Amino acid sequence: MAFTEFLINTLVFCGIILSIVLAILLLYKTEKIKLLEQSIAKLKISLNEMDEQAKLIVRTDMELNKAQEELDKKIVGLYALQRLSRSISTTLEENLIFKMIDFSVIEELGFEKACCFLFDEGLNQFVLQLNIGYSRGEIEGIMKMVASDINRYLELIKEESTTSSISLTTDPEFREKMGKVFRVASFIASPLLPKEGSKGFFLAGTMSRETLISEGDEELITILANQLGQALENARLFEKTWRAHQELEKKVEERTRELSKALEEVKMISRRKTDFVSSVAHELRTPLTSIKGYAAIVLSEKLGTLPPPLKERLEKINRHSDELAQLVNDLLDISRIESGRVSMEQQPQDLKSIVEEVVDLLSIIIKEKQIEFSYSVPQEAQSVYVDRGQIKRVLINLINNAIKFTPSNGKITVSCSSGDHEVRVDVQDSGYGIPESSIDKIFEEFYRVDNPINQEAKGTGLGLPLVKNIIEAHKGKIWVKSKLGNGSTFSFTLPKPIQ
Amino acid sequence: MAIIVGMGLGLDRDLPVAVQNAVRQAKANVHQSYRIHLAIVFSTIEFASPQVLKTLYALLGQVHIVGASSLGIITNQGIFRHGLAIMLLSFPKNIFCSTSFVQKISAKSSTNAGEELGEKLLFSFKNTQRDLGLVFSDGLIRDTSGFLYGLKERLGWSFPLAGACASDNYEFKKTFVYFNEQASSDAACGIIWGGKMNFGLGIKHGWKALGQPRTVTKATGNTIYEIDGQNAVSVYKDYFDFDIYRLKSELKRLSIMYPIGVYLEGEEECLLRNVVSLENDKALVCQGYVPEGSGIRLMIGTKESCLAATQEALNEAKTNLLGRQADFVFVFDSIARYMLLGRQAGKELDIIKQGLGKDVPIMGIYSFGEQAPLKAVNFQGKVYFHNQTISILGIGG
């Protein structure tokens, strides 16, 4: 009994002890759970905060991606525009401008379809200039629909601003209609406004509903349309200038043809004149020779002594016959040279010896008039390629003229100088000089300067034309510089022998 | 013995001209004495027509053609948004291959279609050891994971399989796979190789986890109904601060930039899933399976992490090639990466060319999804359907 009581008491004690231990353990665990719950709550808060931060990151990232995409698109578009701009700015043919735009350009601008129309006022309709991405059937349908609504599309051009599927407009219905007409989900249309000629519009579009059109795209298409407008204007201006130039060229050609014709006529008349002069001179020479011959026989008094008045008259006939013969000979020479019947027998010659021969021939007259005469032919100017007899004739003519028009005690200088392929000869006198109005005519046939000397002295007016003809037959040039009262300088060039 | 490879590229706007150019170039790179066994054809969507394929099949002399349409084609010469690339392959006697095709997937159930393709591919490989499979499927098949499941059922759960889902020009309207003279939607085609060949595959995405880890509390197949006991759509849209209408209109774009990362038991990497549509404005429909109970995170990618992942995938492919040279390389690159990288998209190609040598023929596509094994903790690798990855497959004889 006592044992049983002891056992019960022990069990009760143990139970109490166990209860106390369990209570302590429970308290401890409860505390731990509380701490854990607090940690979980903290963790949840952290996770929620992390998620909120994630949301912020995602939203910022979306904005950044959008901006980046926009930037990428713009850069690619600008590159495409720059490339296109370079090619269209150098194109001056209106037809070729639109051929420069290919699919790759439109694709780089972010579109798959593009078309361009210009309004032809004469036909009163829009004419298709560019088609990218549309089939033949599609574009024909578009052309029909544009033609059925011409006025609205003309208004679009008149508005002078870009319109698109995202831009604000007073006519949203038309905007929607445009999308349907051009079979695109989004589009941008910009007017082409060249100052010259017909205007139109350029449209780029995409069928993708995923591709979002932005203001940046509108700017790019506006730039492209402006460049196209500018290129059209340049091409049209160029065409206008080119046409004017062509007309001018045509006129010049016509005028040249007329002048050539006139020149041919002049040449023909001149040839006829030469032939006429030549035949007249020939016809004159025969009777003149007879007159001169008979006069000489009578003057020789072999047929009987002549009374002095008759002799005096006959001498006059003889002298005038000589002058007439000289005139006929000069005329014949000129006509021969002009007609090419006389060719210059050019050979290497010593110019100094030619000058000396001429001076020798004329020295008596020079002395008689007490003219100070000098000449110089330097070593390098001595060798010429000429017809000796003809050049001698030239020098005789020019020096004779100088003597004739230089008063006593005057001065005449003949100087020669050497150029690259020619020798220049100057015959300078201190004579009366030539009036300015006569300088251009002095080499014309039968022209005589109106001065007191010419009024007194006899001359044919054929000397200088003959000189000119001889020099030109040597492929040389002749000219004169003179001032009334200050003497004259006749210059001419002669060829040098070929080395 | 090396595999003889001839590559051709056609970029002309006139499609027949582009096709002829590509065939001429490809044939010029393979000596006439070699028999061409297989042609891989990748093209942008404009080329995806029966006429083009018929012309190709005739020009190539009825060589087996396998390929897919894409947003862009990747080749040694660059990335092209318009074009067609052909790779002609002539194998030595000790390498075998089999090709096949399955159509009308949606009418059969994806798993059955996968099984059918697997069976057809194995048909001519009865007594030969198979080493590698390559599959291209329509990028808009609703249950790509189911299709892959069926294929794995027949080819084996650890059989190395790589591939890509065809894409279009980012319209998500219609994508095509090519098989001989057919260009078909709602279809898939594949190749399996066997014999003395080497290959190395590397796959990475580079997207990083963001926000708190969440759990899929209710899901069936591709559809997530609840996340942490809440309406899945409301959880997803909260991250963007969008209303349901804006979420719907920008969903495709958002889901490739911010996909859902799914943690899988036993795998080192998480799988990424694009959300392709919303069901009754409450559930998220993904492009691949998301098992109920799996942990998920919202993922975010940057250009830098994306390019770093390309380098890692390349290193992995080279490691798996065990120091041997690849005769040709396939690149299956997610269109999400193309979108994210923008003007820097070419840098991925630069990394690959630099790592493999500029003379190794490279051909690839931008895909709506990729198939490849993940590096598992306990075994060699189980094939999954992925989004946002780049997979680099080097093959050599």
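A cavity here is a set of points, on a 1 Å grid over the protein atoms alone, where a 1.4 Å probe fits but cannot get out; its volume is the space filled by probe spheres set on the points, with grid points joined across faces, edges and corners. This is a predicted model, where local features need pLDDT of at least 70, side-chain atom pairs count only at pLDDT 80 or more, and totals for chains, interfaces and linings use all residues. Residues are numbered from 1 along each chain as its sequence is written, chains are lettered from A in the order in which they are written, and side-chain values use heavy atoms, without hydrogens and water.

Searching the whole structure turns up four cavities of 30 Å³ or more.

**First stop.** Select Gln212(B), Arg214(B), Ile227(B), Val235(B), Tyr236(B), Tyr239(B), Ile260(B), Leu284(B), Ile296(B), Arg297(B) and Leu298(B): they line the largest cavity (lining residues have an atom within 4 Å of a point). Its volume is about 90 Å³. Now colour strand 14 (208-220), helix 6 (232-238) and strand 21 (295-300) of chain B, each supplying at least two lining residues. Helices (H or I, at least four residues) and strands (E, at least two) are DSSP runs, numbered from the N terminus. Which strand gives the most to this lining? Strand 21 of chain B, with three residues.

**Next stop.** Move to the second largest cavity, at about 40 Å³. Pick out its lining, including Ile203(B), Lys204(B), His205(B), Glu269(B), Cys270(B) and His386(B). Strand 13 (198-204) and strand 18 (271-273) of chain B are the elements giving two or more residues here.

Key. On a 1 Å grid over the protein atoms alone, a cavity is a set of points where a 1.4 Å probe fits but cannot get out, and a pocket is an open set with protein on both sides within 12 Å along at least five of seven lines; lining residues have an atom within 4 Å of a point.
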